[in-house]
Amino acid sequence: MIEIKGFLETSFLDWPGKLCSVLFLPHCNFRCPYCHNHALVFHPEGYSTIPLEDILDRLRSLKNWIDGVCLTGGEPTLHADLPFLIRKIKRHGFLIKLDTNGSNPQMLEKLIKTREIDSISMDVKAPLDPFRYSRSTGLPVNLNPILESIKILKEAEVEYEFRMTVVPGLHREEDIKNLGEQLRVGRRFILQNFNPENPMDPSFKSIVPYDPKVLKEIEKEVQEMI
Ligand code: SF4
C-alpha cells in the first residue's frame, strides 16, 4: 500500500474554488531544480508514514467542511496501487483531485475511464521540446508520455487544468506563450510563480521570481489563446 507521508487537513490553495484536504505521496521520477518538495522526492523515509485508517477517521470528521481530497507528491501516479487508495477515500463520499507531472498516461487514462477521479492538474514544465523540457525537469525526459497525457486530458470528460511553474532563467516570456500555443484547446492554463525558498538546486535560491503583476498579465494572454 502507498505510504502517505503528509496530511494537510484543509487547504484553499490546492483545488481552485474548493476547500480540500491534501495527502502527500512520496517519490518522483523528475528532478526539477526548483522543486520545493525535494525531501519527499529524495528522502521520504525521513517522514513518518501516516496510517490510512487515521487519515480516513480525520477525513470523516471533516466531512461537512471539505469538498474533497487532493492527492499530490512527489508524483502520485508512480504508485501502482493509487486506484486502490482513491477507491478507499471515495467510498466515504469525497471528490478526488490528482496533481501529476503527466509522465504516466496509462494511469491517467485508467482513472478517467473508471470515473475514479474528479479533477486533474497536470504540471507542464516547459515548451514541448525535449531540450527545454529536460532542462526544467532536471533529467532527460521522453516527451511522448507527456504529449499522450495532454491529449488524454483534452479529450476527457473530466475537469482538468494545465499548470506551469515559471522560473526566470528557465522560462522566458516567449516560452510561456509558446507553450500556450502548444496547449491550444486546453481548458485552463495556470501560471504559478517560482518560490526561491528551499529549491532542490540551492543555486536557484538567488533567482528573483517574476513580478506577480507581469505574470498575471502573461497568464491572461495565454488563457485567451487556449
Ligand atoms: S516539482 Fe513535481 S515533478 Fe518536479 S521533482 Fe518536484 S515533485 Fe517531481
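Predicted model: local features only at pLDDT ≥ 70, side-chain atom pairs only at ≥ 80, totals over all residues.
**Exercise 1. Describe how α4 packs on α6, and state which residues make the contact.**

Solution. 
1. Locate the helices: α4 covers residues 105-113 and α6 covers residues 143-155.
2. Take the geometry: the two pack at an angle of about 15 degrees, and their axes are 9 Å apart.
3. Classify the angle. Angles under 35 degrees count as roughly parallel, and α4 and α6 are therefore roughly parallel to each other.
4. List the contact residues. From α4 come P105, L108, E109 and I112, and from α6 come P145, E148, S149, I152 and L153.
5. Sort them by class: the contact of α4 with α6 has 6 nonpolar, 1 polar and 2 charged residues.

**Exercise 2. Describe the packing of α7 and α8 in the same terms.**

Solution. 
1. Helix α7 spans residues 173-182, and α8 spans 212-225.
2. The angle between α7 and α8 is about 20 degrees, with the axes 8 Å apart.
3. α7 and α8 are therefore roughly parallel to each other.
4. The crossing of α7 and α8 is right-handed.
5. On the α7 side the residues are E173, I176, K177, G180 and E181; they meet I218, E221, V222 and M225 of α8.
6. By class, this contact of α7 with α8 has 4 nonpolar, 1 polar and 4 charged residues.

**Exercise 3. At what angle do α2 and α3 cross, and which residues are in contact?**

Solution. 
1. Helix α2 is residues 52-61, and helix α3 is residues 82-90.
2. Their axes come within 11 Å and cross at roughly 35 degrees.
3. The crossing of α2 past α3 is right-handed.
4. L52, E53, L56 and L59 of α2 make the contact with L85, K88 and I89 of α3.
5. Divided by class, the residues of the contact of α2 with α3 are 5 nonpolar, no polar and 2 charged.

**Exercise 4. How many aromatic pairs does the whole structure hold, and what is the geometry of the pair Y160 and F162 and of the pair F194 and F204?**

Solution. 
1. The search of the whole structure returns 2 aromatic pairs.
2. For Y160 and F162, the ring centres are 5.4 Å apart and the planes stand at 65 degrees, so the pair is edge-to-face.
3. Y160 and F162 are both buried.
4. For F194 and F204, the ring centres are 6.4 Å apart and the planes stand at 80 degrees, so this pair is also edge-to-face.

**Exercise 5. Is H38 buried or exposed, and what does H38 contact?**

Solution. 
1. H38 lies in helix α1, residues 38-42.
2. Its relative accessibility is 17%. Buried means under 20%, so H38 counts as buried.
3. With neighbours within four places in sequence left aside, H38 is in contact with H43, N198, P199 and M200.

**Exercise 6. Which accessibility class does R87 fall in, and what separates R87 from F162?**

Solution. 
1. R87 is found in α3.
2. The relative accessibility of R87 is 41%, so R87 counts as partly exposed.
3. R87 and F162 are 75 residues apart along the chain, and their C-alpha atoms are separated by 24 Å.

Notes. Residues numbered from 1 in each chain as written. Heavy atoms only, no water. Axes fitted to C-alpha atoms, helices over the stretch in contact; angles between N-to-C directions. Helix = DSSP H or I, 4+ residues; strand = E, 2+ residues; numbered from the N terminus. Parallel < 35°, antiparallel > 145°, perpendicular 65-115°, else oblique. Contact = heavy atoms within 4.5 Å. Nonpolar A, V, L, I, M, F, W, Y, C, P; charged D, E, K, R; others polar. Buried < 20%, exposed > 50% of the residue type's maximum accessible area, 1.4 Å probe, protein only. Phe/Tyr/Trp six-rings, centres within 6.5 Å; stacked < 30°, edge-to-face > 60°. Left-handed = near helix turned anticlockwise from the far one by under 90°.
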